[in-house]
Amino acid sequence: MVQALADSLSRLGDLDMDDVQAVALGPEKLAAALSPRRPSGLSTDAEHLYDQLLQVSCLHIIDFFAKRSTFVARTLVEEARQTQRLIEAIELIIQRLPAQDGVDADFEERYRRHLVHRHGRLTIFGIDVDDEWPLDDAYLSLETVDSDDQQATVGVEGEHGRRAALPQRAEQGLAGRERVLLRGVAGAGKTTLVQWLAVTTAEWRPSRNLAHLFGRIPFVLPLRALTRSGRELPTPGDFLSAVGCPHTAPPGWAERVLTAGRALLLVDGTDEVPEPQRDGTRRWLRALLREFPDNACLVTARPSAVRKNWLEADGFHEMSLAPMSGEDVATFIRRWHVAAGASHAEAGGLITEVRSRQDLSRLATNPLMCGLICALHRTGRGFLPRGREELYEAGLRMLLERRDRQRSIDDGVRMDFRSQALLLERLAYWLIRNGHSQMEQADAIALIDQVLPAMNRDALGSASAEEVYRRLLTRSGLLREPAAGVVDFVHRTFQDYLAARAVIEHRDFPLLIRNAHLDQWEDVVRMAVAHGRPDERKRILTQLVKRGDNVRRHRVRLHLLATACLEHATELDPEVRREVEQRAATLLPPRTYGEAQALAAVGHVALELLPGPEGLSTDEAEAVISVATLVGTDAALPKLAEFREHPSPRVRNGILTGWAVFDHARYHAAILSGLPLENRPHLQVRTRTELAALSNFPEHPYLALFGNFTDDEIVEALRGRQVRELSLSCERLTDLDFLRRYRHLGRLSLITSPTVTDLSPVAELPVQDLLLRQMPGVRDYSCLDALTSLRDLYVGDGMICRDLEGLPTNAPLEYLGIPSTVTDLTGIRAWPGLTTLRVIDSEDAAPPPPRGLTALADMQSMATLMIPARLARTFHDSGTLLPQVEALRLMEPEDGQDLRDVVSVFPGLRNLVLTAVGRPVTVDLTPLCEVGQLRSVEALGKVSLMNKDHLSQVTVHQTPESRY
């Protein structure tokens, strides 16, 4: 009983709630959250005592929370937030619920209940309790990476504390976005996210980050079902019938919902559409959104299914699901074991094994593989196979043979593992050969009927093809009927694995190579290499390389695929391996984050091919670091160590971004112990697990804490440390009093702390460099006048600041960043030593008045200016000249921006940087020929440069585009 109580209380750390939320639950509901299942093995009296002790413990926990010094303030803040959310929700309800007749309203209520019933449960690998899991218990918010951030370099905003290209939770990534294309590998959780969005929206309870979905009507549109048997994609009136909804909508209902802009379109599985039909799918989606433009839409696809910017012209924002972090893997394992009724100790043992075994940690990067590992660990009593192929094979055996035997299930049809696998191989191979993801039930039965005569009847008895089909459907755990008369595989991963076995058995190597460039065949090719014998592997890889050599448009994809296959080739002719590696070498070094992702997918082989830092550009060195970090095992540490002394701060900071995926002791020995500190590289911390791990590291004075941490957690993690520079992005902070203890803090960045209102604790610190962003509660900056050593001040986006007089005019500023709300620059004279001014852009910002421009022109020390590109025209039209400015950064230029304004306003210009992180733009450099002192032009983000050759004496650098 004591152990059961300890296990329940230990789950307090797993709950996704803060102390205010825990107090709001009360002791009874908190106890229920800590113990969702009755502990096993207890007598009735012991269970009664356990319940009482757990309730009393929760009562004391809540009492402790309520008496903390910050609780009242945080309660008031939370109440204010809830009131604002309630106002916003009511406004949305009014907006989203136009006058309806009773028929429509009644139907919508039935339809919402149907969505919750249909999509409110998940099939989780290895969970035998009804083979399903409630979505609310199963859903794990995964992380996404903004594709725009991936392409933008850290230098665009990184020096000002922005979390450049860091993953964020899916709800945060989707916040406020009406149209999103979401990419993710097989098993990454794309469909689960679609289900969660459908259910929470249908139940009127989207998370606060997704308030723009409140009141919308979800339409879940799985493309595999919509395109079955070559069917035409449906019009709105046929949406429900096409996905098998049993309810009949009132005539014209779907069109009315779409016309009112009330729909949430969830278009799942672009990769499930045969490649020749994908352009037709895009045309269908475009026509739909042009006819009904005000609706939200999420489209999902595998990474290689559609090209980059496939839907950009239609206003879609691209995001990718990131591999699961170590903390997410641990959370998934704990939840899986709770659902399976397993012990907390068993879950802890598996977490330890995954963290200690590099082969497991490399595989445990998505929910499918984590579920497979959990199931095999439990059924194998702690034993786990090694490698992807062995895991799949063991998983198949568990599903097809051992599970029914362990559960004593006998349905009259006795089929051994090999017989079931053979039949499933035929079905999988038919699907992949025909480019389908679903097949008619009659076709499946006919295929089985063709195979049965050649099979051992002792294993099957007198079972008919239809009986065998039913057995596979109901007992294998691999097949399902998504609609009447239709069958498909529960997950594409096992379909590809089985199809690859069939390819090898049928020796269909020409067919395999002919289709290898198609994303639907990619995993089939990899698994075929894993299944094959040495001579078969040689044949596949040799032909892959040869076809890549001969077919230029598919060369990169085929050569990368061949390289990725090396990981699965346990025995291979050394000459073939050399040929493959030589082709891969031509793709090195990578130049962009996208290329780094493609190489990291190759696995450990990529580490062996990566070059060292000598001779690499900063872009290339940064991409090499990304490959090593994305591979994410300790084998990458020697490669990262080679870049410790790279001259670029971007590269050195990149080394510190992904430290949490490595063994901490090895990481310190290989990286931190020899890392030069001259350029102040920041160690980034995003999760509580990483925060706790800081205690394992010796002193590192430069830290960036980008997580939802409280002040108590930060103080505990930094206990005894002498921190010199600190970046904080923590929404849960309510005041900054805790910062007073860091008396050596020279640089401080405060980002996204909406409830902080008082900066006076900062005024007591020896801060020379201060950055403030996304803190709308701060209105008074006068206390900062006490910072007599303050040299750099950045008051950025999301700050309330109306004029320069409100800023610390007594501080000896040399660098100043101001938000777009400051339009009058007259007060700039308060800082005669100012050398750099940055103005943050806003679409609705008013142009500065002429007197402010005159004041700016009088600042003879002003050598560097960073401004919205539109202000160049304002300066030109007002006749303002700034000959003292030598370095200029223009942010978000227009497509076709006329640089003649720059030439006239900045005659002394030596260095020009053009930055765009929004839409792509093209800029003609020809006018710059008239700037005699110009030495360099740099384009960052989404800027393309024309006529670079006209500047023969100027160094021109443009962010490279991904080649593959």
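Buried, in this briefing, means under 20% relative accessible area, with exposed over 50% and partly exposed in between (1.4 Å probe, protein chains only). The model is predicted, so to speak of a local feature pLDDT must be at least 70, side-chain atom pairs count only at pLDDT 80 or more, and totals for chains, interfaces and linings use all residues. Residues are numbered from 1 along each chain as its sequence is written, and side-chain values use heavy atoms, with hydrogens and water left out.

**The chain as a whole**

- The secondary structure comes to 40 helices and 25 strands; helices (H or I, at least four residues) and strands (E, at least two) are DSSP runs, numbered from the N terminus.
- Of the 964 residues in the chain, 55% are buried.
- Among contacts (heavy atoms within 4.5 Å) with a separation of 6 or more, 63% are between residues 24 or more positions apart.

- Strand S16 (residues 747-751) pairs with S17 in the parallel sense over five bridges; two strands pair if DSSP finds at least two bridges between them.
- Ser 749 stands opposite Leu 771 in S17.
- S17 is also joined to strand S18 (residues 792-795) by four bridges, and the two run parallel, with Leu 770 opposite Leu 793 in S18.

**A seven-stranded sheet**

- Seven strands form an open sheet of mixed pairing, in the order S4-S3-S9-S5-S8-S7-S6.
- Strand S4 (168-169) and strand S6 (217-222) stand at the edges with a single partner strand each, so one side of each has no neighbour in the sheet.
- Strand S5 (residues 179-183) and strand S9 (residues 317-321) run parallel and are joined by four bridges; Arg 183 stands opposite Ser 320 in S9.

**Helix H14 across that sheet**

- Helix H14 (residues 278-291) lies across S5, S6, strand S7 (263-268) and strand S8 (296-301), running at about 175° to S7; axes are lines fitted to C-alpha atoms, for helices over the stretch in contact, and angles run from 0 to 180 degrees between N-to-C directions.
- The buried residues of H14 are Arg 278, Thr 281, Arg 282, Trp 284, Leu 285, Leu 288 and Leu 289.
- Exposed residues Arg 283, Arg 290 and Glu 291 sit on the face of H14 turned away from its buried side.

**Two crossing helices**

- The axes of helix H26 (residues 522-531) and helix H28 (residues 555-565) come within 9 Å and cross at roughly 40°.
- Glu 522, Val 525, Arg 526 and Val 529 of H26 make the contact with Arg 557, Leu 561, Ala 564 and Cys 565 of H28.

**Another parallel pair**

- Strand S13 (residues 683-685) and strand S14 run parallel and are joined by three bridges, and the bridge partner of Gln 684 in S14 is Ala 704.
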